[in-house]
There are 2 protein chains.
Amino acid sequence: MPTYQDIIDAYERIKSFINKTPVMTSRTLNEKTGAKIFLKCENFQKVGAFKMRGAINAISQLSEEQKNKGVITHSSGNHAQAVALSAKLLDIHATIVMPETSPQVKIRATRDTYGANVVLCENSVKARHNTTENLINKYGYTLIHPYDNENVIAGAGTAAYELLQEIDDLNMVFAPVGGGGLLSGTSIATKGFNSDIQVFGVEPKNVDDAYRSLQNGKIQTNKTINSIADGLLTNLSQRTFSIIRKHVDQIITISEKEILNAMRFLWERIKLVVEPSGACSLGGVLSEKINIKNKRIGVIISGGNIDLSDFFKNYEKLI
Amino acid sequence: MPTYQDIIDAYERIKSFINKTPVMTSRTLNEKTGAKIFLKCENFQKVGAFKMRGAINAISQLSEEQKNKGVITHSSGNHAQAVALSAKLLDIHATIVMPETSPQVKIRATRDTYGANVVLCENSVKARHNTTENLINKYGYTLIHPYDNENVIAGAGTAAYELLQEIDDLNMVFAPVGGGGLLSGTSIATKGFNSDIQVFGVEPKNVDDAYRSLQNGKIQTNKTINSIADGLLTNLSQRTFSIIRKHVDQIITISEKEILNAMRFLWERIKLVVEPSGACSLGGVLSEKINIKNKRIGVIISGGNIDLSDFFKNYEKLI
């Protein structure tokens, strides 16, 4: 289990590679909630999501031999781009296994913008694992798991660490939970900084494995993965479950409508492009499941990568 | 014509009422342009646009008698909301004349959120003017013109003033131009700070009255107003024309496609919700009409108010 010191060390290691993301506030949001809300905007992070922190922290600590052989991950999301960019910055070979059904724009970004080797496979968990395993066996790549990795977790925790260095006297911190890497890192950073600060994980009701896992005392899985928060569909690992069990005060579940309302507020009122997963933490704050009156609340806005092709296609018709 | 000192005075007068908006940078944008770009994000200003600066500066300087009688303006855009909120903050009565065809959401925001008295009229320039004149004659309201007003111009200039205080050694500043209030204020602030800094106005090619006015040495009007940049459709006034003629180095015109591309870049890559008018200044920077290599460039992103109803209606179908 990573320690608070691991997060401090991670921050020193990665700070020259990442953006120190801004903390935004909104008079409207404070009036609406009766609280003081501090939005830690990881949508402004490199590759548009907090994932950059964990990827660069993990990859930069590989041995020379591992670095020479290169890294691999399977993802079509933010973690893929974070691994690709981290490898590029460190001059390491990266292979990303993606489902052949991935949007062309994501494949192109990973391949062309970040220079990774993209290997397409069938769109199934089994095909993804097999393809990845085969490449590891053949080339000796090191797998950079999106959350089941101590260094990825420590890196993810540096977002909350930065926030706590900047904003005094927080009472609560909210982060979304999918596989649990961000929430794990956030909880270690927060409780390490001041164990009185409460930490809340926010999860879509439709994929509430983390909520049920804490209730049952053992890892539960999702039967369906029907949520617009496409970054939060995965299950906890044993590692993230143990950390969350130890450090997180409560998991709050919210409806799809609550996710969308939070996202809409961030876009329309605060002028931030935030993806559905990234809006969940604010959705938890607004859910009225926790008494937040007069509290000072840190909210991790995890990312802002969302497909805007249709929106701009409609706009093009106007010109 | 307002002076540089007027802008400094305006800043001291209004700074407690406005947001000190952040200056954003982007590695991707710098690499793409070969320049250092500093985005002054007035989409994060109160009411979502720089208009707040001019409105509060003008209204707060009215005489007690004028304040007691109240203010009026005709607009369905950002200026209307800025006048309404400024009046609310100063506890003054505000009347906003809006075309009856205005979107309900704008009417509601102006009336309910900002507490202004909304008077609807026919959607024509004549009806708008007559309705406003009648109300002024009847109630003694003071008209707060959206740009043809020295105090509005001085207030608008405080955005560039803030930017110049924060970012050293700028070589160029870009601002959009419609009626010319923002560009006038920006040019006075910039040349007053350092007359070596070049100031560029950016205008949609489809409504290029400012460009033609400078070419011809007298005010030209637009024959059609067919642009997605709905905040830039108006013509210069004699006042803004004189200022722009004196202080602005060049007007750059850009196509609708260039406006849309700049807006898309801001949304997708920088994660900022920016309206078409607000993206024009960056569109000018990206237009390759000016050699910007190795320059340090301030870019006023003027606002972020855009109707997202359709976007979110489509999203709701997914949940």
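Is G77(A) buried or exposed? With a relative accessible area of 18%, G77(A) is buried, where buried means under 20% relative accessible area, exposed means over 50%, and partly exposed lies in between (1.4 Å probe, protein chains only). The model is predicted, so to speak of local features a pLDDT of at least 70 is needed, side-chain atom pairs count only at pLDDT 80 or more, and totals for chains, interfaces and linings use all residues. Residues are numbered from 1 along each chain as its sequence is written, chains are lettered from A and ligands numbered from 1 in the order in which they are written, and side-chain values use heavy atoms, with hydrogens and water left out.

- G77(A) sits in the loop between β3 (71-74) and α5 (78-89) of chain A; helices (H or I, at least four residues) and strands (E, at least two) are DSSP runs, numbered from the N terminus.
- S75(A) belongs to the loop between β3 and α5 of chain A, and at a relative accessible area of 12% S75(A) is buried.
- The side chain of S75(A) reaches two backbone nitrogens: that of G77(A) at 2.9 Å and that of A80(A) at 3.4 Å.
- Leaving aside residues up to four places away in sequence, S75(A) touches A80(A), I96(A), V97(A) and M98(A); contact here means heavy atoms within 4.5 Å.

**Strand β4 of chain B**

- Here is a strand that is well covered: six of the six residues of β4(B) (residues 94-99) are buried, so the strand is largely enclosed by the rest of the structure.
- In a regular strand, side chains alternate between the two faces of the sheet.
- On one side of β4(B) the buried residues are A94(B), I96(B) and M98(B), and on the other they are T95(B), V97(B) and P99(B).
- β4(B) pairs with strand β3 (residues 71-74) of chain B in the parallel sense over four bridges; two strands pair if DSSP finds at least two bridges between them.
- Within that pairing, V97(B) in β4(B) is the bridge partner of H74(B).
- β4(B) also runs parallel to strand β5 (residues 117-121) of chain B, joined by five bridges, and T95(B) stands opposite N117(B) in β5(B).

**Where chains A and B meet**

- The contact involves 34 residues of chain B and 34 residues of chain A.
- Together the two chains bury about 3,200 Å², 71% of it on carbon and sulfur atoms; buried area is the accessible area (1.4 Å probe) that two parts lose on being put together, summed over both.
- Eight residue pairs, both at pLDDT 80 or more, are in polar contact between chain B and chain A.
- A polar contact is a pair of N or O atoms within 3.5 Å; within protein, one must be able to donate a hydrogen and the other to accept it, and residues adjacent in sequence count only if both atoms are side-chain atoms.
- The elements giving two or more residues to the side of chain B that touches chain A are α5, α13 (256-268) and α15 (309-316) of chain B, and α13(B) supplies the largest share, seven residues.
- Two salt bridges cross the interface, and one is between E316(B) and K257(A), with the closest N and O atoms 3.1 Å apart.

**Salt bridges**

- Over all chains, the structure holds 26 salt bridges; the rule asks for a side-chain nitrogen of Lys or Arg within 4 Å of a carboxyl oxygen of Asp or Glu.
- E31(A) and R27(A) form a salt bridge at 3.9 Å, N to O, and both lie in helix α2 (residues 27-33) of chain A, four residues apart, about one turn of the helix.
- E31(A) is exposed at 57% relative accessibility, while R27(A) is partly exposed at 36%.
- E65(A) and K69(A) meet in a salt bridge at 3.2 Å, N to O.
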